[in-house]
Each structure stands twice: as C-alpha cells, then as structure tokens.
Amino acid sequence: LQGVTHIVRGKDLMDSTRKQTLLYELLGWDYPETLYWGRVKLLGFGGFSTSSIRRSVENGDFSGWDDPRLPTVSALRRRGFSPKALREFWIELGLSQKDISIPMQSIESKNSKIIDKYSERRSFIEKPRELQLMGKDGEDINDLGLISIKRHPDFPDMGSREWKLGKGQIIISENDYSEGMIRLKDFADVEIKGDSAVILSRDKTGSLPIIHWVSSEHHTEANMIVPRDSEVEIVEGVLENVDASVGQTLQLERMGFAKIEEIADSGMVSLIWLHG
C-alpha cells in the first residue's frame with residue numbers, strides 16, 4: 001500500500017521475510033525485493049544494540065541517544081561528523097551478509113578529509129600557564145606589530161587571526177612547559193626561563209619543539225567534553241578568542257577536531273571533542 005519496492009534489513013530477519021511473504025501471497029500482493037546485511041560492529045564501542053541503548057538511556061546511564069559515548073547517528077551528528085562522510089563510508093562498505101568489525105578510525109579518516117577543508121585553526125590550552133614575553137636585547141614587545149596567523153594554512157581566502165601582543169603576556173599549557181628553547185607555533189623561537197619567554201627570532205631557525213599558545217589578552221575560558229571509553233571527561237582550559245559560532249567545527253592546534261556546542265553570555269565556550 002505504501003509502494004515499497006525494496007527492503008534492506010539485517011540477516012537476522014530472514015525468518016520475518018518468510019512469514020511476511022505468506023501474508024503477501026494471501027493478500028495477492030507482490031513482495032518487495034529483499035537485501036540482507038550482516039551485523040556491523042564499531043570497534044571501541046562494545047556490543048551495543050538498539051534495545052540495550054534504550055534501556056541504558058531510560059536508566060540514566062547515558063544522557064540520551066546523542067550521548068557522545070554512543071555509536072548512534074545522533075551522537076555522531078552532535079560531535080560534528082559530516083553526513084557526507086558517513087554516507088560515503090557506508091556506500092564504499094557496501095552490503096554483505098558477513099558480520100564484520102570496523103575500526104572507528106576508518107570513519108574518522110573519511111570525516112577528516114571532508115571537514116578539514118572548512119575547519120579553521122584555533123589554539124585550545126589545557127592547564128594554562130602564563131608567561132611574560134620579552135624582546136631580545138630589550139626590544140619593546142609593542143614594536144613587533146600585529147600578529148597575523150592564517151585561519152587555515154591551505155586556504156588563504158579564509159583570512160587571518162590577528163591581534164597585538166599588548167603587555168606581552170602569553171599562555172601555554174603546563175604540559176608543554178620546560179626551560180629552554182622552543183618554537184611558539186607560527187610566531188617565534190623563544191627561550192623560556194622561569195616565568196619569562198625571551199624572543200630569539202621571528203623566523204624558524206631550527207628543529208625546535210613546537211608548542212601552541214594564546215595571548216593573555218585574546219582568549220576566553222573554555223571547556224571540552226571528551227568521551228573516554230565508558231566515561232565522559234570535562235577538560236577545562238582557554239580558547240584562542242577569535243570570532244566563532246555555535247556549531248562551527250575547529251581544528252585545535254596539535255590536538256584534533258572539536259565542535260562548538262555553546263557560547264555563554266559570559267563568553268565561555270563549550271566544545272565537544274570529535275577526533276584527532
């Protein structure tokens with residue numbers, strides 16, 4: 001009555017096909033062409049099923065069908081997976097009655113190739129530590145002019161992230177802190193001593209370790225939801241304060257992709273982790 005011509009279903013429903021075919025014959029209808037596929041398991045997500053997820057959601061084990069720990073379409077959408085990436089992945093996989101296990105990295109790789117083209121770069125600093133930037137040989141920080149870093153290294157038409165250093169205070173991650181020479185990504189080689197960072201050269205002079213950073217005057221408080229196996233971790237830090245909008249996908253320097261879920265009136269940004 002609905003004009004269905006094809007049925008695509010799991011091979012566990014073959015018995016249902018036989019029963020339905022009898023009903024169609026008695027009613028004088030033509031039974032649709034039926035295609036079967038085996039169970040596809042996403043490695044890293046365990047043995048989830050629709051019924052078990054429903055029970056877990058109803059019991060409060062998960063916040064909803066879009067809980068980032070789940071392998072549901074709504075959860076992947078919330079995290080920022082491209083519909084095009086999912087569609088292309090399943091078309092390439094094709095239909096098979098064989099049960100298979102798929103590493104999540106296969107879908108992530110497909111997604112990266114698609115979203116990278118429009119994901120602007122930003123710096124997110126976990127465990128922030130402030131340093132005072134100093135010019136070499138007494139050079140005034142304000143003489144450095146406007147700092148300009150591309151929003152995307154491969155697409156200059158996206159423009160640049162720009163700011164002045166002001167008082168010269170910057171923020172790096174405590175995890176990256178060590179005394180000695182390092183490269184502040186896309187900016188300068190510096191030597192860290194205590195709570196100071198002395199600029200050695202704006203040009204890259206060697207194979208120094210590269211770390212990401214933000215200006216103390218151009219950042220906003222931020223937190224990020226990170227699903228880790230069966231748990232959800234809230235990572236607190238600061239985000240480079242350049243115009244952004246809810247729903248926008250960013251590539252966080254040296255970390256990976258994340259999506260902006262919320263921007264509070266206070267400017268606080270809430271992110272959700274996508275993948276590396």
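**Exercise 1. Work out which residues line the largest cavity, and how they divide by class.**

Start with the ground rules: this is a predicted model, where local features need pLDDT of at least 70, side-chain atom pairs count only at pLDDT 80 or more, and totals for chains, interfaces and linings use all residues. Residues are numbered from 1 along each chain as its sequence is written, and side-chain values use heavy atoms, with hydrogens and water left out.

Step 1: On a 1 Å grid over the protein atoms alone, a cavity is a set of points where a 1.4 Å probe fits but cannot get out; a pocket is an open set with protein on both sides within 12 Å along at least five of seven lines, and lining residues have an atom within 4 Å of a point.

Step 2: sort them. Ala, Val, Leu, Ile, Met, Phe, Trp, Tyr, Cys and Pro count as nonpolar, Asp, Glu, Lys and Arg as charged, and the others, Gly among them, as polar. That gives three nonpolar, two polar and five charged residues.

Step 3: The largest cavity holds about 50 Å³.

**Exercise 2. Describe the largest pocket and its lining.**

Step 1: its space comes to about 830 Å³.

Step 2: go to the centre. Of the 24 lining residues, R39, V40, F48, P71 and W90 are the closest to it.

Step 3: find the elements, taken as DSSP runs numbered from the N terminus (helices H or I, at least four residues; strands E, at least two). β3 (40-43), α2 (50-58), α3 (73-79) and α4 each give two or more residues, and β3 has the largest share, with three.

Step 4: split by class, and you find 13 nonpolar, seven polar and four charged residues.

**Exercise 3. Explain why the pair W37 and W90 is tilted, and which parts the pair ties together.**

Step 1: recall the cut-offs. Rings of Phe, Tyr and Trp (its six-membered ring) pair if their centres lie within 6.5 Å; planes under 30 degrees apart are stacked, over 60 edge-to-face, and the rest tilted. The structure has six such pairs.

Step 2: apply them. The ring centres of W37 and W90 are 6.1 Å apart with planes at 50 degrees, so this pair is tilted.

Step 3: W37 sits in strand β2 (residues 33-37) and W90 in helix α4 (residues 83-93), so the pair links parts 53 residues apart in sequence.

Key. Grid points are joined across faces, edges and corners, and a volume is the space filled by probe spheres set on the points.
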